[in-house]
Every structure is written in C-alpha cells, then in structure tokens.
Amino acid sequence: MWWNPQQWAEVVERTPLVSIDLVVTNARQEALLGWRNNKPAQHCWFVPGGVVRKGETLQQAFQRLLLIELGVQVKLARANLFAGVYEHHYPDNFAGTEGVGTHYVVLAHRLNAEQHLPGLGGLNELPKAQHNDYVWMPVAELLNNPQVHKHTKAYFQE
C-alpha cells in the first residue's frame, strides 16, 4: 500500500476517491468479473479497477491498473476507451471502521479483450490481490445475477 492503513482510512473518511474501472468484454458478449476479496463490495462479482494515486496522471493510473488488476502490460490510449463518469457509494470501508462509508468517483473504461488485451491470460493466471476468482459472465446473465454488484450492473444498463 502506498500509504499506511491509518492514513488511508483518514482519506477514505474525509474525501471521495477517484478511481478507474476496467469494463472488459469479449466477442461472446461476456464480461470479465472478479469475486471481490476486500471491502467495499466484498463478496460480490465486480469489474477490475482501482484508485488513482496522488501525482499519477490518469494515463499512468490506467496503465498501472491494467498491470496489477489484469496482469497485462500493453500501451493503450486511455482517452479512446473512456466510457463515462459514475459515482459509487458504499456504507462500509476497507478498514471496517463503523459509520464510515466509501465514496468513489469512477472513470469507467470499456475494453474488448480480443482487440485491446492480447496479453490477457487465462482466468487462473489473473492477479489475486483484489479478486480471488474470475469468470467470463454473459452480460444478459450478470444483469439478473444477485451476486453481481449493482455498480457493475450499471455499466451494462445503458
């Protein structure tokens, strides 16, 4: 972690976080979802993503998240894949501090696995720090699956 947990908890308590979500789909109309290890959104299927760090450009954050969330090192122009701004509000936080929610301002990006992520490995090869399991879930199924988080469903309800 780039800040110690106490510092990070204070940031989460006092400010919204800017993050990037990676909405990855394939030619079979499936979305890549990970089973979240950590709060918020723990124990739900969710798209990969993460917070933008202070001093990091959005492009740098995008490239870093491709690597740490998907294990892919590829140069992509983030702006060409931008899909919109979303807000995510959660009643809990990573530290489990009572009464402290988490607020994200999310910059969503849509990527096609075959077109944009040629180095994407199999599901068992994906990083396990944030998600301990992965699936390719048909979009029609994820919209009706109660284990898919509502914030992930929002990316497909347009």
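Is arginine 28 buried or exposed? At 55% relative accessibility, arginine 28 counts as exposed. The model is predicted, with a mean pLDDT of 93 for the chain and 97% of its residues at 70 or more.

**Confidence**

- Among the elements of the chain, the lowest mean pLDDT, 82, belongs to helix 1 (residues 5–14).
- Strand 3 (residues 45–46) has the highest mean pLDDT of the elements, at 98.

**Salt bridges**

- There are three salt bridges in the structure.
- One of them joins the side chains of glutamate 10 and arginine 14, with 3.4 Å from N to O.
- Glutamate 10 and arginine 14 are four residues apart in helix 1, so about one helical turn separates them.
- Glutamate 10 is partly exposed, because its relative accessibility is 44%, while arginine 14 is exposed at 63%.
- Arginine 28 forms a salt bridge with glutamate 30, and their closest N and O atoms are 2.9 Å apart.
- In that pair, glutamate 30 is buried at 14% relative accessibility, whereas arginine 28 is exposed at 55%.
- Glutamate 56 and arginine 64 form a salt bridge in which the closest N and O atoms are 2.7 Å apart.
- Both glutamate 56 and arginine 64 are buried.
- Arginine 64 lies in helix 2 (residues 58–70) and has a relative accessible area of 16%, so it counts as buried.
- Not counting residues up to four places away in sequence, arginine 64 touches Val51, Val52, Arg53 and Glu56.

**Strand 1 and its partners**

- Strand 1 (residues 17–25) is largely enclosed by the rest of the structure, because seven of its nine residues are buried.
- Strand 1 pairs with strand 6 (residues 102–112) in the parallel sense, over nine bridges.
- In this pairing, serine 19 stands opposite valine 106 in strand 6.
- Strand 1 also pairs with strand 4 (residues 49–51), here in the antiparallel sense and over three bridges.
- Opposite isoleucine 20 stands glycine 50 in strand 4.
- In a regular strand, side chains alternate between the two faces of the sheet.

**Largest pocket**

- The volume of the largest pocket is about 710 Å³.
- Its lining holds 32 residues, and those nearest the centre are Arg36, Gly50, Val51, Tyr104 and Gln130.
- Two or more lining residues come from each of helix 1, strand 1, strand 4, helix 2, strand 5 (82–90) and strand 6.
- Helix 2 gives the largest share of the lining, four residues.

- Histidine 131 is in strand 7 (residues 131–138).
- With a relative accessible area of 1%, histidine 131 is buried.
- Histidine 89 and histidine 103 are 14 residues apart in sequence, and their C-alpha atoms are 4.7 Å apart in space.
- Leaving aside neighbours within four places in sequence, histidine 89 is in contact with Thr102, His103 and His151.

**Backbone features**

- Most residues other than glycine have a negative phi, and most peptide bonds are trans.
- The peptide bond from lysine 39 to proline 40 is cis, with omega near -10 degrees.
- Proline 40 sits in the loop between strand 2 (30–36) and strand 3.
- Alanine 41 lies in the loop between strand 2 and strand 3 and has a positive phi of about 70 degrees, although it is not a glycine.
- Alanine 41 is buried, at 8% relative accessibility.
- Glutamine 29, in the loop between strand 1 and strand 2, has a positive phi near 60 degrees.
- Glutamine 29 is exposed, because its relative accessibility is 57%.

Definitions and conventions. Residues numbered from 1 in each chain as written. Predicted model: local features only at pLDDT ≥ 70, side-chain atom pairs only at ≥ 80, totals over all residues. Heavy atoms only, no water. pLDDT = per-residue confidence, 0-100. Salt bridge = Lys/Arg side-chain N within 4 Å of Asp/Glu carboxyl O. Buried < 20%, exposed > 50% of the residue type's maximum accessible area, 1.4 Å probe, protein only. Contact = heavy atoms within 4.5 Å. Pairing = 2+ DSSP bridges. 1 Å grid on protein atoms, 1.4 Å probe; cavity = no way out; pocket = protein on both sides within 12 Å on 5 of 7 lines; lining within 4 Å. Points joined across faces, edges and corners; volume = space filled by probe spheres on them.
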